[in-house]
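Hi everyone, thanks for coming. Let me put the structure up, and then we'll walk through a sheet and the core.

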Amino acid sequence: VQLVESGGGLVQPGGSLRLSCTASGSILSINAMGWYRQAPGKQRELVATVTGGSNTNYGDPVKGRFTISGDRAKNTVDLQMNSLKPEDTAVYYCKAVLVPRSSWAPFDYWGQGTQVTVSS
C-alpha cells in the first residue's frame, strides 16, 4: 500500500493550490483519508479529513478557506486551498486509515509529503 501526493509548490499570498493524493496497492477498504501539515519547528497538525466519503472535518486555521473532497471509487482525496497565507507554509502529508487485504484491522498510512510555500 502506498499513498502518492501531488500538487504542492510556491504560491503568492491570496493564491490557490490543489493537492491530490491517491492510495494504491492491496486495499480492502478505506475508512478515512485526509491531510495534515507540519511547519518547521512545529508539531504536525490536522488540516482536513473526510470519512465515509462525505463527512468532513477541518482544522480551525483552514476553515472557510480549504475544501477537502474524496472519491471512494478512485481511492483519492483532494484538498483545494484558497486564500493562502504565509502561515500555511508547511509540508503537507496525506493520511489514510485503511484495511489492507492482508489484515482485517485498519492501519494508518502516510504519504511522503509535499511542500507548500506561500510567499511573495
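Here 4 strands form an open sheet in the order 1-3-8-7, with antiparallel pairing. Strands are DSSP runs of E, at least two residues long, numbered from the N terminus, and two of them pair if DSSP finds at least two bridges between them. Strand 1 (2–6) and strand 7 are the edges, each pairing on one side only. From one strand to the next, the twist averages 15°, with axes as lines fitted to C-alpha atoms and angles from 0 to 180 degrees between N-to-C directions.

A quick word on provenance: this is a predicted model, where local features need pLDDT of at least 70 and side-chain atom pairs count only at pLDDT 80 or more, while totals for chains, interfaces and linings use all residues. Residues are numbered from 1 along each chain as its sequence is written, and side-chain values use heavy atoms, leaving out hydrogens and water.

Back to the sheet: strands 7 and 8 pair antiparallel over 6 bridges, and Phe-66 stands opposite Met-81 in strand 8.

Strand 8 also holds Val-77. Is Val-77 buried or exposed? Its relative accessible area is 0%, so Val-77 is buried; that term means under 20% (1.4 Å probe, protein chains only). Its C-alpha is 6.7 Å from that of Thr-22, 55 residues away in sequence.

Finally, the largest nonpolar core has 29 residues, with Trp-35, Leu-79, Met-81 and Tyr-92 making the most contacts inside it. Such a core is a set of buried Ala, Val, Leu, Ile, Met, Phe, Trp, Tyr and Cys residues joined through side-chain atoms within 4.5 Å. Strand 9 gives the largest share, 5 residues.

Key: Buried < 20%, exposed > 50% of the residue type's maximum accessible area, 1.4 Å probe, protein only.
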